[in-house]
Amino acid sequence: MPLKLGDEHEQDPKACLACGNVLDRAGEIKQDVATELEGNPPTPDEYTICFNCGHIMAFDEELHFRELTEKEIFEVASNSEIQKMKRMVIKFRDEMSMLKPLANNSNP
Ligand SMILES: [Zn+2]
């Protein structure tokens, strides 16, 4: 089943574990289109991707970001849909940084 980037949801601001960019909206990686259409909020163990650096994380029990487990890293690395999404995010970021060169001075 193809993975899709789900709807964005308001969430408490959380800093990306990789770049420290504060994300106040989560773009979820959904495996189930029906779930996506319902617009459910993030759930524990769901993957999420940082829109600033493309770092892939997961939500913990309290919906804070956590690093992936070794098993999840393997799963993500071998999932071409997630890798494609990561490239899309990085491309999007690059395009945004070209539009706003002064706004993007964080150092991943
Ligand atoms: Zn990041």
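The secondary structure of the protein, taken from a predicted model, comprises three helices and five strands, which follow one another along the sequence in the pattern β-β-α-β-β-β-α-α. Of the 108 residues of the protein, 19% are classed as buried. With regard to the sequence range of the contacts, 51% of those formed between residues at least 6 apart in sequence join residues that are at least 24 apart.

The largest nonpolar core consists of 10 residues, namely C16, L23, Y47, I49, C50, C53, I56, M57, M85 and V89. At least two residues of this core are supplied by each of β3 (47–49), β4 (56–59) and α3 (80–99). For C50, one of the core residues, the contacts beyond four places in sequence are with C16, A18, C19, N21, L23 and H55; among these partners, C16 and L23 are also listed as members of the core.

The loop between β5 (65–66) and α2 (70–77) contains L68. This residue has 18 other C-beta atoms within 10 Å and is therefore partly exposed, since a buried residue would require 20 or more such atoms and an exposed one 12 or fewer. When residues up to four places away in sequence are set aside, L68 touches I56, M57, A58, I73 and V76, of which I56 and M57 belong to the largest nonpolar core. The C-alpha atoms of L68 and A58 lie 6.1 Å apart in space, with the two residues separated by 10 residues in sequence.

Technical notes:
Residues numbered from 1 in each chain as written. Predicted model: local features only at pLDDT ≥ 70, side-chain atom pairs only at ≥ 80, totals over all residues. Helix = DSSP H or I, 4+ residues; strand = E, 2+ residues; numbered from the N terminus. Contact = placed C-beta atoms within 7 Å. Core = buried A, V, L, I, M, F, W, Y, C linked by C-beta atoms within 7 Å.
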